[in-house]
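Please keep the sequence and the coordinates at hand while reading.

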Amino acid sequence: MSNSEDSQQYISDILVKEEDEASGDESDKQDHGIMLREQDRFLPICNIIKIMKVPVPQNGKIAKDARECIQECVSEFISFISSEAIERSVAENRKTVNGDDLLVAFSNLGFDNYVEPLSIYLQKYRESNKSDRNLFLDTNFIQNEDSATTNDNVKQ
């Protein structure tokens with residue numbers, strides 16, 4: 001499935017979930033297949049643990065309930081921001097959520113302190129991708145020239 005299809009499926013799941021919550025009927029939730037497994041709702045715990053271990057001293061430990069709590073909170077936060085960004089892209093009749101949608105979502109939800117550093121990061125990321133793409137194209141061009149030169153030498 002492509003990213004746009006994933007986004008569309010996510011949006012339709014959210015809309016169905018909102019309708020179910022509005023009706024308050026518990027049996028409807030199961031009929032629509034909204035019941036998500038825990039591994040589908042949360043980020044992988046191993047990724048969470050890696051990030052959590054960074055500030056902890058080498059001999060320090062992190063309790064299992066603390067890891068699970070952070071896993072839930074981080075996953076919920078990402079869903080919260082993502083759903084706001086998705087709403088913006090849908091309102092503008094776009095199927096793809098981009099970095100600018102996320103920045104607007106952060107701002108709309110009151111996370112203004114994050115907007116400036118994230119916009120700087122996004123700008124640097126885009127510049128890096130652009131230079132990587134140019135490097136890739138230059139490398140392919142050089143390789144194509146070399147193979148054309150080799151083919152000319154073989155023909156002679």
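Leaving aside its neighbours within four places in sequence, which residues is Phe77 in contact with? Phe77 is in contact with Phe106 and Phe111, where contact means heavy atoms within 4.5 Å.

This is a predicted model, in which local features need pLDDT of at least 70 and side-chain atom pairs count only at pLDDT 80 or more, while totals for chains, interfaces and linings use all residues. Residues are numbered from 1 along each chain as its sequence is written, and side-chain values use heavy atoms, with hydrogens and water left out.

**Confidence.** The pLDDT, the predictor's confidence in each residue from 0 to 100, averages 79 for the protein, and 64% of the residues score at least 70. Confidence is lowest in helix H2 (residues 26-31), at a mean of 43, and highest in H6, at 96. Over residues 25-31 the pLDDT is below 50, and this stretch has eight contacts in the model beyond near neighbours in sequence. Where pLDDT is low, the predicted coordinates should not be read in detail.

Helices are DSSP runs (H or I, at least four residues), numbered from the N terminus. Buried means under 20% relative accessible area, exposed over 50%, and partly exposed in between, with a 1.4 Å probe and protein chains only.

Ser75 touches Arg41, Phe42 and Leu43, not counting residues up to four places away in sequence.

**Helix H4.** In helix H4 (residues 45-53), the residues Ile48, Ile49 and Met52 are buried. Seen down the axis of H4, these buried residues fall within an arc of 100 degrees, so they line one face of the helix; the arc is that of the directions from the helix axis to the C-beta atoms. The buried residues of H4 pack against H5, whereas the face turned away from the buried side carries the exposed residues Lys50 and Ile51.

**The second largest pocket.** About 290 Å³ of space lies in the second largest pocket. Its lining includes Phe77, Ile78, Gly99, Phe106 and Tyr125, and the elements that give two or more residues to this lining are helix H5 (64-91), helix H6 (99-108) and helix H7 (112-155). On a 1 Å grid over the protein atoms alone, a pocket is an open set of points where a 1.4 Å probe fits, with protein on both sides within 12 Å along at least five of seven lines, and lining residues have an atom within 4 Å of a point.

Technical notes
Points joined across faces, edges and corners; volume = space filled by probe spheres on them.
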